[in-house]
Protein chains: 2
Amino acid sequence: MGALRDAGFRSGGARRRVVELLGSEGCALSALEIDRRLDEVGRASVYRVLEQLEELGLVRRLDIEGIAGYERAEPGGEHHHHMVCARCGKVIPFEDERLERAIGAISRGSSFDVSEHEVVLRGTCSRCAS
Amino acid sequence: MGALRDAGFRSGGARRRVVELLGSEGCALSALEIDRRLDEVGRASVYRVLEQLEELGLVRRLDIEGIAGYERAEPGGEHHHHMVCARCGKVIPFEDERLERAIGAISRGSSFDVSEHEVVLRGTCSRCAS
DNA sequence: ATCTGTGCAAATAGTTTGCATCCTC
DNA sequence: GAGGATGCAAACTATTTGCACAGAT
């Protein structure tokens with residue numbers, strides 16, 4: 001990712017590996033899971049890199065059930081939200097245009113300047129329900 | 001709260017105090033803040049009571065920015081969501097019927113059985129923006 | 001008298017920070 | 001060669017658990 005170099009970052013191994021992993025993953029990973037998958041990378045580096053990437057707007061940080069999840073940000077500002085199964089913990093991404101419009105309307109109608117939003121639906125996934 | 005006695009709970013001091021505090025508070029408090037405000041109550045009791053109350057559906061648990069918040073559940077299933085100022089940390093509750101309808105539609109149109117949902121808007125509050 | 005509720009302290013999980021070293025530029 | 005990047009370990013914060021004791025029924 002040239003965006004990193006453009007932002008004045010040097011290219012070390014830890015950051016490259018974290019970026020590659022998140023790039024290959026469609027949905028959110030926790031910091032500890034990233035650390036677990038990248039043996040050569042120290043845990044502190046994982047957190048530091050994630051923080052930098054979030055500030056640059058290259059990754060989105062989510063708070064699903066108390067632990068932070070990180071996923072790559074799509075270029076066009078496109079994004080999805082998450083359904084979390086209370087039984088098995090599975091996280092399922094979804095998109096919904098109507099939901100986005102409703103949030104846009106809230107943003108426009110309020111004196112609070114909304115820059116990001118996050119929606120989590122909790123319940124039971126189809127597999128656990130059957 | 002008679003609902004607690006009905007559920008087979010004895011009436012000890014810790015639970016009563018937590019219930020009273022949450023009852024008097026309109027919006028979410030963190031477990032540590034509840035502990036801080038209730039000197040006579042042990043921290044473990046605060047967490048235990050909150051867990052029980054959540055299971056009984058008497059309080060709602062939220063994950064705003066990595067730490068859990070707890071607020072009393074309204075009888076009619078009415079609820080609000082939250083805007084969080086990234087600058088000063090202020091949490092502002094809001095309600096929006098259109099947003100609720102959009103989520104209801106998602107729930108109906110999906111094989112995932114949605115029982116709860118949570119929406120967090122992040123940005124800048126009017127005071128910090130000016 | 002029994003058995004739940006409570007408090008304390010220790011254990012755990014997630015995250016951040018300090019510091020010496022490594023390596024890119 | 002200088003300064004950012006990294007890894008390790010220790011510090012911190014939020015939460016959970018174990019256990020002995022108090023207190024409600």
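This is a predicted model: local features need pLDDT of at least 70, side-chain atom pairs count only at pLDDT 80 or more; totals for chains, interfaces and linings use all residues.
Residues count from 1 along each chain as its sequence is written, with chains lettered from A in the order written. Local features need pLDDT of at least 70 and side-chain atom pairs pLDDT 80 or more, while totals for interfaces and linings use all residues, and side-chain values use heavy atoms, leaving out hydrogens and water.

**View 1. The largest pocket, about 370 Å³ in volume.** Of its 17 lining residues, A:Gly57, A:Arg60, A:Ala73, A:Gly77 and A:Glu116 sit closest to the centre. (A pocket is an open set of points on a 1 Å grid over the protein atoms alone where a 1.4 Å probe fits, with protein on both sides within 12 Å along at least five of seven lines; lining means an atom within 4 Å of a point. Volume is the space filled by probe spheres set on the points, which are joined across faces, edges and corners.)

**View 2. Protein around DNA strand C.** We count 22 surrounding residues, with A:Arg10, B:Ala14, B:Glu40, B:Ser45 and B:Arg48 the closest; near means a heavy atom within 4 Å.

**View 3. Polar contacts to DNA strand C (N or O pairs within 3.5 Å).** On the base side, a polar side-chain atom of A:Arg10 is 2.8 Å from a base oxygen. Over in chain B, backbone polar atoms face phosphate oxygens: B:Ala14 at 2.9 Å and B:Gly13 at 3.3 Å.

Notes:
A polar contact is a pair of N or O atoms within 3.5 Å; within protein, one must be able to donate a hydrogen and the other to accept it, and residues adjacent in sequence count only if both atoms are side-chain atoms.
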